[in-house]
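Have the structure open as you read.

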Amino acid sequence: MPEGRIVKALSGFYYVADEGRIYSCRARGLFKKKGAKVTPLVGDWVVYDAINEEEGYVMEVGERTNELVRPPISNVDQAVLVFSMYKPMFSSLLLDKFLAHTERVGIDSVIVLSKADQVSQEEVDVIVRKYEAIGYQVIPTSTVDERGLEEVRSILHDRITVFAGQSGVGKSSLINKLFPGVSLQTGDVSHKLGRGKHTTRHVELIPLPGGGYVADTPGFSSLEFIDFTELDLAESFRDFAALSPDCKFRGCLHLSEPSCAVQAALKEGKLSEERYEHYKQFREELKEYQRRNKPW
């Protein structure tokens, strides 16, 4: 049987793309992996049975490299986190929260700084140096003077990309500037609340000229630390995780444990104090979430 990729899921139908043709498929039976029920997701590679040139059945779901719950999508190659330098002002707290969530599910992130023409080069450079030192690619952009646009275009080639970021940063404007005619309805996360706008829109992979897909999604509907443990959160800070093998205790949470490599690096000025403060703030949010959702 042929294989294809699900590019849209809507009302019980899975739209499977294979060599330029789209098949509208139903799922045949229940799919199970390791005893658990598996629901096909946008991004899944599937085996399908075509009954004519337009319709078919999904017969088997392939292995996933990763999956997101909100939005429901699998096999994402990268997240492009778009953060504005001006109106709205850049928020390192919100960026660190996004990075923790993408690290948790094993998706690499590229940081795109929009409206870079609205502030000084020095302000941009400070952020670039900080996050490049951690190991992230950072691309300052402007749709006015077109800086960084070709670099963004190149990272999207032949990859599945999810866009996310602050409200009003110009994600759709950026995509439309790069690929005229490609329309996205990307959802935003409220800067104030850290929660997405309620929406029932579906997830869809939009093909890009020259290869690759951009996920047209309702955006991250929640930035709460759902399914995180305290250790998950510690390991979701890439700069901390790189040092943790040198900590005295396995599973170190980098708080008050003796011989902690992260604490030592902080004292030596080798780690960002601001990032560490964000980590402690997220720990409090995690504990609050666990208290609210404690089973009785």
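Is Arg-21 buried, partly exposed or exposed? Arg-21 is partly exposed, at a relative accessible area of 36% (buried is under 20%, exposed over 50%, partly exposed in between, with a 1.4 Å probe and protein chains only). Before going on, this is a predicted model: local features need pLDDT of at least 70, side-chain atom pairs count only at pLDDT 80 or more, and totals for chains, interfaces and linings use all residues. Residues are numbered from 1 along each chain as its sequence is written, and side-chain values use heavy atoms, leaving out hydrogens and water.

The count comes to 19 salt bridges (a side-chain nitrogen of Lys or Arg within 4 Å of a carboxyl oxygen of Asp or Glu). Here are some of them:

| Pair | N to O distance |
|---|---|
| Glu-53 and Arg-21 | 4.0 Å |
| Arg-64 and Asp-44 | 2.8 Å |
| Lys-177 and Glu-146 | 3.5 Å |

Lys-177 sits in helix H4 (residues 171–178) and Glu-146 in the loop between strand S12 (137–140) and helix H3 (149–156), so this pair ties together parts 31 residues apart in sequence. Helices (H or I, at least four residues) and strands (E, at least two) are DSSP runs, numbered from the N terminus. Asp-44 is buried at 0% relative accessible area, while Arg-64 is partly exposed at 22%.

Now the greasy part. The largest nonpolar core has 44 residues (buried Ala, Val, Leu, Ile, Met, Phe, Trp, Tyr and Cys joined through side-chain atoms within 4.5 Å). Helix H2 (residues 121–134) gives the largest share, five residues.
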